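Subject: Structure for you to look at

Hello,

Here is the structure I promised to pass on. Please open it beside this email and follow along.

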Amino acid sequence: MISVRRARLAPSAFVAIALLCAVRQAADGQPQGTAATKPAAASCQRSAFRVVVDVGHTVDVPGAMSARGVAEYAFNLALAQQAQQTLIEAGFANTVLLTTDKPPPQGLIERATRANAMAADLFIAIHHDSVPDNLLQNWDYQGQPNRYNDDYPGYALFISNDNADRAGSLAFGRLLGLALQARGLHYTPHYTLPLMGHRRRELLDAEAGVYRYDQLIVLRLTRMPAVLLEAGSIVNRDEELALGTPERRAITSAAIAAAVEDFCQARARPVGGSVVRRVAPPPRVPATR
Ligand SMILES: [Zn+2]
């Protein structure tokens, strides 16, 4: 689960369409409707492409609580470790697992600082989702009181418009969402619903399930494309069981690896003699949440 302070709900359809066009262009490596001027000469250098897999939350501040009383951090760590292993096996030998002991916000700032210091090419934050407290219901599991919500299963992806490479973040988010869907998973649309209140989010890519969440520190202070993945809802009683299995972790990890491969390839491909890489100005506002 990720907390918020304020929501921005404003985008016009025009802006959304423009964003999608930007995604397609970045993902394809060619402007839409433009013939390739030369064959792709560069290719993805997997061993040099550094992916940071960020384990959301900490042992002491472990995030959401699942329907059966397991802390989110345990889910995050298990999936992040599997994703790192899958990426390494796919040739991304420099993949780094990022954890911290510091509570937020210091720990969040530290995550971004460390990723920037190692000049990572891509930052993926691993989380598991919950719902606002007012949407949770009570039940007993093994004699213990717990809380659940069975209404909103599915993954969700978030990017920040304040990230230094917003176009890259959105392009990778799209690739990851489509890769998850190709493996039978679906995103949850509930972040667009009025009942989410101040946690309501703008859906930037309605096909892939990528939402806008500008204020997330790990997304806005990182200097490389950055995406936060909510891998599924651990307060959903059925999905919690699935998320706890090696099979589900393998599916999600395979999707991550496939999306990283596609993104690395798109970044390596020259377009009109230049590499597809867009760098936006640094964040304008101080890190507060
Ligand atoms: Zn979380």
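Below is what I found, starting with the whole chain and ending with one residue.

Keep in mind that this is a predicted model.

**The whole protein**

The protein has 289 residues, and 44% of them count as buried. Its secondary structure comes to seven helices and 11 strands.

**Two helix pairs**

Two packed helices are described by the angle between their axes and the distance between the axes. Helix 7 takes part in both pairs below.

Start with helix 2 (residues 72-89) and helix 7 (residues 246-268). Their axes come within 9 Å and cross at roughly 45°. Helix 2 passes helix 7 in a right-handed crossing. On the helix 2 side, the contact uses Ala 78, Leu 79, Gln 82, Ala 83, Thr 86 and Leu 87. Helix 7 supplies Arg 249, Ala 250, Thr 252, Ser 253, Ala 254, Ile 256, Ala 257 and Val 260. By class, this contact of helix 2 with helix 7 holds nine nonpolar, four polar and one charged residues.

Next, find helix 4 (residues 166-182). Helix 4 packs on helix 7 at an angle of about 140°, and the axes are 8 Å apart. Angles over 145 would count as roughly antiparallel, so this pair is oblique instead. The crossing of helix 4 and helix 7 is right-handed. From helix 4, the contact takes in Ala 171, Phe 172, Leu 175, Leu 176, Ala 179 and Leu 180. From helix 7 come Thr 252, Ala 255, Ile 256, Ala 258, Ala 259, Asp 262 and Phe 263. The residues of this contact of helix 4 with helix 7 divide into 11 nonpolar, one polar and one charged.

Finally, go to strand 1 (residues 51-55), where you will find Asp 54. Is Asp 54 buried or exposed? Asp 54 is buried, because 27 other C-beta atoms lie within 10 Å, and the cut-off for buried is 20 or more.

Which residues does Asp 54 touch, leaving aside its neighbours within four places in sequence? Asp 54 is in contact with Leu 98, Arg 111, Phe 123, Ile 124, Ala 125, Ile 126 and Val 218. Also check Ala 115, which is 61 residues from Asp 54 along the chain. The C-alpha atoms of Asp 54 and Ala 115 are separated by 9.2 Å.

Best wishes

Notes
Residues numbered from 1 in each chain as written. Predicted model: local features only at pLDDT ≥ 70, side-chain atom pairs only at ≥ 80, totals over all residues. Helix = DSSP H or I, 4+ residues; strand = E, 2+ residues; numbered from the N terminus. Buried ≥ 20, exposed ≤ 12 C-beta atoms within 10 Å, placed from the backbone. Contact = placed C-beta atoms within 7 Å. Axes fitted to C-alpha atoms, helices over the stretch in contact; angles between N-to-C directions. Left-handed = near helix turned anticlockwise from the far one by under 90°. Nonpolar A, V, L, I, M, F, W, Y, C, P; charged D, E, K, R; others polar. Parallel < 35°, antiparallel > 145°, perpendicular 65-115°, else oblique.
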